[in-house]
Amino acid sequence: LVLRGNRLGRVQRPPEDELVLSSRAAYLDPESKFFKPHYTFFTTLAGLPALHDLDLSSNLIQVIPRLPPGSFPQLRQINLSINYLSRESYLFPVLSCPMLKWLDIRGNMFLPVSLEEEQQKGTPIHQLPRLSRFDFPGLCQRLRRNRRGNVVIMDPAPNDGDEYILRADDIAQDDYFAEEKSADDFTKMPLQIEDPTEKLERE
């Protein structure tokens, strides 16, 4: 199902006054009155029992709401590239999908965890370090625990190899991320499938 470029979702700017805690809390909460009415399409799509591939690229998605149990029972590939996602915690509801194998989050608003340090050095935005697995500790923990899944985080650069893809098979051998206990489990056994973005481009 291709819903690319349909302006789904809604983008909210951070409150200018960081001291207004109520405003800040509403900005961070996908269930807030600002976000929730504009993200009901997720609940609708989540109830489609035969949905395998979903392309939501080039929309206005800033958050992903909490999904009811049993959502996306057959979803294997979801493309969320070129949106406005900026917090990895917003991706966790998607990782609860029981059959998910590919998640594409290229071209969003994620920034390296070393951003503050780089800003102190005066590093221009276009020269910031490329995203890596260490910028997504929560995603890596879930991929490692569930033992299946691939998350495309950046477009490849020369000599980068596959570092722009978080692979469950690779992270399983990495001791950097502490084991995290959670009820989320979207894996059973590893499966090899092609990159969904390449498939959609051919179609």
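**Buried charges, contacts and surface of a predicted chain**

User: Does Asp104 count as buried or exposed?

Analyst: Asp104 counts as buried, at 1% relative accessibility. Buried means under 20% relative accessible area, exposed means over 50%, and partly exposed is in between, with a 1.4 Å probe and protein chains only. The structure is a predicted model, in which local features need pLDDT of at least 70 and side-chain atom pairs count only at pLDDT 80 or more, while totals for chains, interfaces and linings use all residues. Residues are numbered from 1 along each chain as its sequence is written, and side-chain values use heavy atoms, leaving out hydrogens and water.

User: Which residue forms a salt bridge with Asp104?

Analyst: Arg106 does, and the closest N and O atoms are 2.8 Å apart. A salt bridge here is a side-chain nitrogen of Lys or Arg within 4 Å of a carboxyl oxygen of Asp or Glu. Arg106 is buried as well, with a relative accessible area of 17%.

User: How many salt bridges does the count come to?

Analyst: The count comes to two salt bridges. One joins the side chains of Arg4 and Asp55, at 2.8 Å from N to O. That pair links distant parts of the chain, 51 residues apart, with Arg4 in the segment before H1 and Asp55 in strand S1. As a general point, side chains of opposite charge can pair when their charged atoms come close.

User: And Arg4, what is its relative accessible area?

Analyst: Arg4 has a relative accessible area of 43% and is therefore partly exposed. Asp55, by contrast, is buried, with a value of 1%.

User: Changing topic: how many helices and strands are in the chain?

Analyst: The protein chain has seven helices and five strands. These are DSSP runs numbered from the N terminus, helices being H or I with at least four residues and strands being E with at least two. Along the sequence the pattern reads α-α-β-β-α-β-α-α-β-β-α-α.

User: What share of its residues count as buried?

Analyst: Of the 203 residues, 43% count as buried. Among contacts between residues at least 6 apart in sequence, 67% join residues at least 24 apart; a contact means heavy atoms within 4.5 Å.

User: Where is Asn108 found, and what does it touch?

Analyst: Asn108 is found in the loop between strand S3 (102-104) and helix H4 (115-120). Leaving aside residues up to four places away in sequence, Asn108 touches Leu80, Ser81, Ile82, Asn83, Tyr84 and Leu85. Asn108 counts as buried because its relative accessibility is 14%.

User: Which backbone atoms lie by polar atoms of the Asn108 side chain?

Analyst: The backbone nitrogen of Asn83 lies 3.3 Å from a polar atom of that side chain. The backbone oxygen of Ile105 lies 3.0 Å from a polar atom of the Asn108 side chain. A polar contact is a pair of N or O atoms within 3.5 Å; within protein, one must be able to donate a hydrogen and the other to accept it, and residues adjacent in sequence count only if both atoms are side-chain atoms.

User: What about phi: how positive is it at Arg7 and Phe72?

Analyst: Arg7 has a positive phi of about 60 degrees although it is not a glycine. Phe72, also not a glycine, has a positive phi of about 45 degrees.

User: How many disulfides does the search find?

Analyst: A search of the whole structure finds zero disulfides, a disulfide being a pair of cysteine sulfur atoms within 2.5 Å. Cys97 is buried, with a relative accessible area of 1%, and Cys140 counts as buried at 0%.

User: Finally, the surface: which residues make the nonpolar patch?

Analyst: Val11, Tyr84 and Met109 make a nonpolar surface patch of about 250 Å². Patches consist of residues with over 30% relative accessible area and no salt bridge, with like charges joined within 9 Å and nonpolar side chains (Val, Leu, Ile, Met, Phe, Trp, Tyr) within 5 Å. Val11 lies in the segment before H1 and counts as partly exposed at 33% relative accessibility. The protein chain exposes about 11500 Å², of which carbon and sulfur atoms supply 52%. Accessible areas come from the Shrake-Rupley method with a 1.4 Å probe, and for residues only the protein chains shown count as cover.
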